[in-house]
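Here are my notes on this model. Please read them with the structure open.

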Amino acid sequence: VQYFEGNTYHPSILQSEQRVEAWYMASWTPNSPGGWDFGGMARSVPGATRLRLTDMGSNAHKVLVSMVHHDAAGHELGRVFPPRPFYQTWLTDVMRIERFGPSMTLAPDGRFVFTVFAPDARRLRVFRYEGLTADLAPGAASGVAGAERSAAYGVDIETEGGTVTAAGSGYWRVTTMRANSDFVGTDDAFECDVDMGGCGPNAFCHEMVGAAPRCTCAPGYYATDEAFFEPGTAQCVVALEARSGGFDSNFRITLTSRVDYGWRVTEIKAYGSSDCESDPIDTSQFGTAITSTTYRSTVDASSEFLLDGEDGTTAGTAAWWSECMNCDPVEIDATRGRPPFIEVTISGAQPIGCIEVQQVAGHAGQVRVTASRAQAAAGTSPCGGDTPCRPYGTFSSTACPAWPAAPGQVCAGGTPVPLGAVTEAQCHSLCEAEATAAMATGQDLCCSYEAGECTYQLGGELADGDGVGMICPASVRKIPLVCGTPGKKVFAEVLTDFDGNMLLRREVTSPCHCQQLCMDEVTTGCRSWKYEISTQLCYLQGMAFEWGSEMAGAWGKNDGSYNADWTSGVLESFVGGLTTTEITPGELFSLTLTGAGVSASEPAGQRIKIVQVGASCAAPVAPQVARGVACAKTTTKVTTNRGTMREEVSYTVCSPKPSSTAVDSATWAGLRISAGASAAQYTVCYCPGRCATLQHWTEVPGAITVPGAGLTFSTAPALVYRHLGDADTFKLTVARPPFSSYSDPMFWSVRLVSAMFDCDTDPALLADASTEAISTSLASSTADTAEYDVTIRFAASSVGKYHVCVRESEAMSITAVTKSAGASVTEVVATGGQVVSFQSAGSQTTLRTVAPHGMKDGDLVTLSGLGGSDSIMLQLNRQHVVSNVPDGDTNDFDIAVDTSVEAPNILPTSLATGPTRLTTAVPHGFLPGASVVISGVEWDAAGAAAINGAHVVSAVRDDTSFVVPVGTITSDAGTVGVTGAEAVGATVLTVPGHGLAP
């Protein structure tokens with residue numbers, strides 16, 4: 001084809017499916033005045049690349065442009081264009097541009113601009129292949145390694161001064177300084193679009209043009225190799241906070257023993273070592289001390305003294321004073337409140353191995369330290385939400401350190417007091433008791449175990465010897481914070497997150513920090529951990545393999561020669577929360593506690609109790625808990641910091657055991673809580689076993705919420721007596737808040753059911769005197785109230801507590817309602833009347849009640865709460881037969897008791913060196929184990945002291961004789977010597993009353 005003849009230019013385009021070729025003349029560029037506009041050039045197939053020349057440059061005379069599909073370039077143009085690594089396949093045709101000067105020789109380099117249509121490119125990359133001859137035979141380039149692809153195989157024009165810019169609508173403006181080349185366009189492969197480029201789910205993928213992508217870890221993760229890594233060369237694992245050194249820890253120091261006259265603390269110190277012997281950690285590493293309420297009447301009681309750096313043992317050192325004057329961790333009332341505490345936060349830049357609490361002598365007690373990860377900021381928690389992190393450990397102080405505190409040293413410089421020939425462990429327990437008693441003196445106690453003998457002395461010091469010794473300080477408590485077992489390497493499956501990343505933590509300051517990290521991941525399944533000291537790496541694991549199993553391996557042993565660089569631990573069982581947090585009042589529900597290893601040790605020994613929010617776990621069960629759990633009252637004697645004995649009341653003997661258990665949960669079914677007048681919350685206390693000990697009870701995180709009562713009731717009179725006069729009728733009013741429901745009060749149905757039963761109990765099962773004698777009838781109603789006349793006529797045996805049960809409509813269930821006057825118990829108390837006076841006349845005692853009692857001769861009546869001497873109380877406060885009831889409504893009745901005389905005398909009794917046999921003038925009616933009080937024995941002072949008092953019947957010989965386990969004669973070596981005396985005129989008082997006639 002001849003494009004031009006002589007000096008006459010004939011612009012032409014040759015077009016086919018395989019190739020398009022066009023001649024351009026510089027003076028006849030498209031859109032030039034008088035020029036021809038070809039509208040661009042393209043092969044004659046749909047979607048072919050379209051090209052338009054924009055600027056052929058000042059040194060161009062004519063331009064020849066040839067375009068072919070890149071797969072046909074080897075045949076059409078004599079060279080191949082293999083795909084480039086890390087780029088997409090070619091997105092444009094190969095564009096060969098030849099620029100000629102006036103003499104039809106190739107024009108020199110210079111600016112050349114063209115526009116190409118490539119709608120599939122996000123950011124078009126144009127490569128220039130220099131020279132117009134084949135560099136490789138067709139197909140040969142496919143075997144050339146990427147590193148060998150030199151500029152001869154193409155160069156990105158943007159690396160040599162060229163540009164590629166978007167021109168809109170899929171067009172790209174290409175500027176190059178070197179024409180006379182082959183040009184072809186593509187785009188980056190965008191590897192990050194597919195599976196994050198292989199970086200993993202916890203990483204960010206970064207596109208690299210012409211190279212593999214790079215990965216960086218998301219916040220909260222770190223790379224196991226270089227931070228900026230190629231896919232597959234590293235992994236993003238769960239990381240500790242970005243700063244090194246670990247997280248800050250919060251330490252709550254709580255008083256655990258009774259301290260009379262106030263708890264006073266002079267200084268809080270922390271040490272890096274567990275023996276509290278290293279240099280104290282500087283107070284600059286501490287946060288502000290937070291305490292429970294401070295004693296208000298003195299300016300020298302501020303918490304600022306706790307961290308002032310002064311030695312608290314120095315005389316006159318200022319101290320923090322607790323507000324409670326009789327601080328008791330068990331009994332909580334208006335005068336004592338909850339146990340006082342001190343909280344401090346310490347930087348995680350170094351390990352914390354020991355906390356020291358310096359107290360004022362005479363105001364010191366035992367303490368407990370609860371350690372947990374500190375809150376990151378006010379109102380936030382690094383463990384999620386606003387809930388504080390679970391504590392990683394609870395550490396208790398003792399009066400004495402553990403053996404061997406000082407091996408090769410014994411006490412010196414004082415007067416030793418022998419404690420007997422005991423074992424070393426028994427010696428430590430004896431010294432602990434003596435040290436607790438010595439707190440009242442304000443003196444340290446030194447204890448020794450040498451040659452099988454245990455001794456202690458007040459004051460003194462340690463010196464070289466052949467035994468072991470220790471100093472038990474009077475007011476300083478050192479609490480080691482030891483997590484896990486040093487020298488042990490626990491084996492288990494290392495945990496991974498949901499994306500398969502290993503839960504490995506770096507830059508963990510101490511084993512206790514590693515244990516906290518395991519607590520944080522307990523919901524992921526963390527049950528054990530191991531800590532490598534040299535690398536500060538913490539491995540979070542599942543359940544530990546049993547020692548000796550094949551999975552444990554030869555290294556799974558507590559052998560320091562193998563595992564000296566490791567400390568490992570297994571999480572102790574704990575309860576993490578409740579599955580039931582809101583219930584429907586009056587309806588049965590199940591309560592499930594979840595945590596780690598909840599039922600692993602003693603599944604049948606577990607117990608719960610439900611108490612009022614703010615109450616301690618020593619408190620009784622909340623009165624609103626109508627069914628499912630109960631606790632008995634127990635009284636224990638404790639030694640205070642002043643050496644005196646005090647009684648403490650707690651409710652720790654509870655039942656029942658769980659209805660069902662699993663390894664990580666325990667469920668109690670059949671619980672019911674009644675509604676109060678307003679919404680209320682309740683705390684659940686949990687004990688894993690051996691629950692008679694208060695220290696084994698803990699509060700479960702979370703609370704049970706019970707909505708307020710929709711219906712309430714009131715009675716007139718407020719206190720309902722069994723006998724109310726001729727009609728025996730009282731008023732019962734049931735009310736609801738406006739718009740709380742839409743039933744008609746006129747059709748409410750009401751019944752009274754004994755508190756021993758539920759409201760929905762089948763009435764046929766209650767068909768006895770207590771229910772048949774109760775009738776209700778509607779007296780009046782308003783929009784939100786209904787008033788009933790309630791008639792009660794039943795025997796004294798039916799006196800007790802009753803639920804007011806209401807059904808608003810046939811479609812609704814019947815439920816117990818609560819009192820409207822703020823009371824929390826849903827009951828009507830139908831009492832038999834209060835005794836206001838009693839008087840004896842001969843063998844009879846006449847009693848008078850505050851209201852007509854309604855009894856008749858022959859009824860049984862139980863009296864309680866009547867005062868007087870021991871003898872009178874024991875004779876009156878029991879069950880009696882009613883007699884001599886006057887006709888008509890009356891407040892009087894008689895019982896067969898003469899309170900003017902004492903109980904029957906004991907007959908003369910022989911003395912004995914062992915248990916004493918006593919004989920009464922009338923049958924005593926005792927059984928073994930009965931409690932008796934003996935008074936009036938007229939032996940000498942020592943003998944009277946031995947027999948007079950409270951005893952337990954150890955044996956019953958016959959109807960008139962019994963045995964108490966006390967001797968009235970001792971050997972010459974004893975402390976009491978009694979001879980030739982007889983028991984005359986002695987009196988036996990029984991508990992309960994014996995019911996005998998003189």
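**Notes on salt bridges, strands and surface**

1. At 28% relative accessibility, Glu 158 is partly exposed. This is a predicted model. The side chain of Glu 158 meets that of Arg 123 in a salt bridge, 2.7 Å from N to O. Arg 123 lies in the loop between β8 and β9, and Glu 158 in the loop between β10 and β11, so the pair ties together parts 35 residues apart in sequence. Arg 123 is partly exposed too, at 27%.

2. Arg 178 and Glu 160 form another salt bridge, with the closest N and O atoms 4.0 Å apart. Arg 178 sits in the loop between β12 and β13, Glu 160 in the loop between β10 and β11, and 18 residues separate them. Relative accessible area is 28% for Arg 178 and 29% for Glu 160.

3. Lys 731 pairs with Asp 789 in a salt bridge, the closest N and O atoms being 2.4 Å apart. Lys 731 is in strand β52 and Asp 789 in strand β55, 58 residues apart. Both are partly exposed: Lys 731 at 32%, Asp 789 at 23%.

4. Shared partners join Asp 109, Arg 128, Glu 130, Glu 160 and Arg 178 into one salt-bridge network. The whole structure has 23 salt bridges.

5. Strand β55 pairs with β54 in the antiparallel sense, over seven bridges. A hairpin of three residues joins β54 to β55. Ser 780 stands opposite Glu 787.

6. Leu 778 belongs to β54. With Met 746 and Phe 747, Leu 778 forms a nonpolar surface patch of about 320 Å² accessible area. Leu 778 itself is partly exposed, at 38%.

7. Helix α3 is mostly covered, with nine of its 10 residues buried. Among them are Cys 512, Cys 514 and Cys 518.

Definitions and conventions:
Residues are numbered from 1 along each chain as its sequence is written. This is a predicted model: local features need pLDDT of at least 70, side-chain atom pairs count only at pLDDT 80 or more; totals for chains, interfaces and linings use all residues. Side-chain values use heavy atoms; hydrogens and water are left out. Patches are made of residues with over 30% relative accessible area and no salt bridge: like charges are joined within 9 Å, nonpolar side chains (Val, Leu, Ile, Met, Phe, Trp, Tyr) within 5 Å. Accessible areas come from the Shrake-Rupley method with a 1.4 Å probe; for residues, only the protein chains shown count as cover. Helices (H or I, at least four residues) and strands (E, at least two) are DSSP runs, numbered from the N terminus. Buried means under 20% relative accessible area, exposed over 50%, partly exposed in between (1.4 Å probe, protein chains only). Two strands pair if DSSP finds at least two bridges between them.
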